[in-house]
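Trainee: I am new to this model. Please take one spot inside it and look at it closely. Then connect that spot to the rest of the fold.

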Amino acid sequence: MTDAAQPFDIPVFVVVPPRVLLLDVAGPIEVLRKANLEQRAVRFTAAYIGPSATVGSSIGLAVTGVAALPERLPDGALVVIAGSADAPMENNRPWDEQERADQAAIVAWLKRAILPGIRLVSICSGALLAAEAGMLDGRDCTTHHACIEDLARLAPNARVRDNRLYVVDGERLTSAGITAGIDLMLHIVAEAAGHACALAVARYLVVYLRRGGSDPQLSPWLEGRNHIHPIIHRAQDAVVANPSQDWSVASLARLSGASPRNLSRLFNEQTGMSVTDFVNLMRVALAREMLTGSRLDMEAVAMRAGFGSARQLRRAWNRLNDGPPSAARARLPTGS
């Protein structure tokens, strides 16, 4: 875990609609619970809010103790809108007047409560409530594939994307729902608390950490992680946390609790690459971030990324990319 004297607090408000899809709440918030246990730099707090104190769920289990919709939200809040089930277990009846009124109350609240600086996250059909409130106008967004046409109808001024796990457009974050809500929350955790924390949470949940469907390229930080072998994950976590360190097979073997020979064998079996290839992949990924986000010269980037020289960086880079490192720098906006 990473110690921090004063953790950065992120207040999370989960809007619980009628007929709430329970996995839309439990999955993403379980990600935050585990993230709190993995590190101390960032602290997520969750409050459950809605127009009714007790709500029936998709699986027939009642959700109670739901707080009233607050008049205002704190700066930097994260609002999560869960989806609803049309046909809850053992309750396949039409929506009643109270349920419709609760939906309308959520829409009205979103219109007045979501101000600049408040991030709005929708899970599954929660995007439809955000759309009715006008929260997605002019934005890229997505929802569950069964709701795509409804979203396009309710948000004619939005850019609705189908076949996406999740879409991030500024302070609007939307997901395809169900398990894709977990993917989106892992993305949020990675941005707030770091890749290593998100990877640890994904491993705990036994899910494969993925990038959003809006970016078809697999993040290099996530390559080789589609396994559940604890020894290899320990070694990978250490490298991801500090790629520039002088990692050798022997040092990683000591850290992960395996012999160098066994670590090398397991690494190839579980990841499809060697230990050295993985270390270089992470260093190149770090170098790319520095090249596109700073004006450091190539030699400084190489040293900070863990390479002995710019020549070594170029050699490793060329094995993974079609163009030279300078091509990444060329895409840096003027004035950055």
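Mentor: Ala-130 lies in helix α3 (helices are DSSP runs of H or I with at least four residues, strands are E runs with at least two, both numbered from the N terminus). The model is predicted: local features need pLDDT of at least 70, side-chain atom pairs count only at pLDDT 80 or more, and totals for chains, interfaces and linings use all residues. Residues are numbered from 1 along each chain as its sequence is written, and side-chain values use heavy atoms, without hydrogens or water.

Start with burial. Ala-130 has a relative accessible area of 1%, so it counts as buried (under 20%; exposed is over 50%, partly exposed in between, with a 1.4 Å probe and protein chains only). What surrounds Ala-130? Setting aside neighbours within four places in sequence, Ala-130 is in contact with Ile-81, Leu-110, Leu-120, Met-135 and Leu-136 (contact means heavy atoms within 4.5 Å).

Now follow Ile-81. In β5, Leu-78 and Val-80 are buried on one side, while Val-79 and Ile-81 are buried on the other. Both faces of this strand are therefore covered. In a regular strand, side chains alternate between the two faces of the sheet. Ile-81 is also the bridge partner of Val-15. β1 and β5 run parallel, joined by four bridges (two strands pair if DSSP finds at least two bridges between them).

β5 pairs with β6 too. That pairing is parallel and has four bridges, with Val-80 standing opposite Val-121 of β6. Between β5 and β6 the chain passes through helix α2, residues 97-113, in a right-handed β-α-β crossover (with the strands pointing away from the viewer, the path from the first strand over the helix to the second runs clockwise).

Step back to the whole sheet. The sheet is open and has six strands, in the order β2-β1-β5-β6-β10-β9, with mixed pairing. β2 (42-49) and β9 (166-169) are the edge strands, and each pairs on one side only. β1, residues 8-15, pairs with β2 in the parallel sense over eight bridges. One facing couple there is Val-14 and Tyr-48. Helix α1, residues 22-38, packs on the sheet and touches β1 and β2. Helix α5, residues 180-193, packs on the sheet as well, touching β1, β2, β5, β6, β9 and β10.

Next, look at two loops. Most residues other than glycine have a negative phi. Arg-19 is not a glycine, yet its phi is positive, about 60°. Arg-19 sits in the loop between β1 and α1. Is Arg-19 buried or exposed? At 2% relative accessibility, Arg-19 is buried. Val-206, in the loop between α6 (195-205) and α7, also has a positive phi, about 55°. Val-206 counts as exposed, because its relative accessibility is 60%.

Finish further down the chain. Helix α8, residues 249-256, holds buried residues: Ser-251, Leu-252, Ala-253 and Ser-256. Their cover includes α7 (230-241), α9 (260-271) and α10 (275-293). After α8 comes Gly-257, with a positive phi near 85°.

Note on methods. Axes fitted to C-alpha atoms, helices over the stretch in contact; angles between N-to-C directions.
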